[in-house]
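Q: Can you go through this model with me? I'd like to start with a side chain and then move to the pairings.

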Amino acid sequence: MQSSSAPSAPETATRPLPDDRPRTVPLRLAVIVASNREGRFGPVVADWFLAHAREHAEFAVDVVDLAEADLPTGLSRDPGPAAAATLAAVGPVLAAADAFTVVTPEYNHSFPAALKSLIDWHFTEWQAKPVSFVSYGGLSGGLRAVEQLRQVFAEMHAVTIRDTVSFHSAHGHFDEEGAHRDPAVPDAAAKTLLDQLAWWGHALRDAKAVRPYGA
């Protein structure tokens, strides 16, 4: 009787990768500063997060600041000159992005109108890309705005990241220079968020390279 043995592993399973294999192209991360309110605190939180994002090895970072790129709430197929100029500046940044982080406050249990306008003026730019959130506010830390944004981005065929970074009573967490007063916990949260965002960014970009996404 002939003895049986476990099948050998395919040759490709143990074949070493060539030394000249191409390096992974960094993910383009668009960080959206959602508040355009006079006297806003958003730049403090955004600058804190941008320092972490720019140090992360997986990302090349762009910024979309809605105080500088505000869009009208009235959507149009033939936008006026100001809206057209803003779309021409912002649209390519969103289209080129592999991932997004939205830095948002909470206004009246929701997110800013300027952010809704940015989302609504675009569609394919969001599709099959991951979105993460850094929020700030009062007692809720902006998390009610984030929960609403998850529903909005689902409609845009985007994938939202589970873990967030949130700051309740945000003004008290940062000093006059914009540095966090007790950075250990938020720094760890930012790393978790960015690591998850990188995983999803690579996974979705690789998947679309094999099979284009069709909404």
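Q: Lys191: buried or exposed?
A: Lys191 is exposed, at 51% relative accessible area. Buried means under 20% relative accessible area, exposed over 50%, and partly exposed in between (1.4 Å probe, protein chains only). This is a predicted model, where local features need pLDDT of at least 70 and side-chain atom pairs count only at pLDDT 80 or more, while totals for chains, interfaces and linings use all residues. Residues are numbered from 1 along each chain as its sequence is written, and side-chain values use heavy atoms, with hydrogens and water left out.

Q: Which side chain does Lys191 meet in a salt bridge?
A: Asp195, at 2.6 Å, N to O. A salt bridge here is a side-chain nitrogen of Lys or Arg within 4 Å of a carboxyl oxygen of Asp or Glu. Helices (H or I, at least four residues) and strands (E, at least two) are DSSP runs, numbered from the N terminus.

Q: How many salt bridges does a search of the whole structure find?
A: Eight. One of them joins Asp62 to Arg28, with the closest N and O atoms 2.9 Å apart. That pair links distant parts of the chain, Asp62 in strand S2 and Arg28 in strand S1, 34 residues apart.

Q: What about Glu106, buried or exposed?
A: Glu106 is buried, at 15% relative accessible area. Its side chain meets that of Arg144 in a salt bridge (2.7 Å, N to O).

Q: Switching topic, which residues of H3 are buried?
A: Ala83, Thr86, Leu87, Val90, Gly91 and Leu94.
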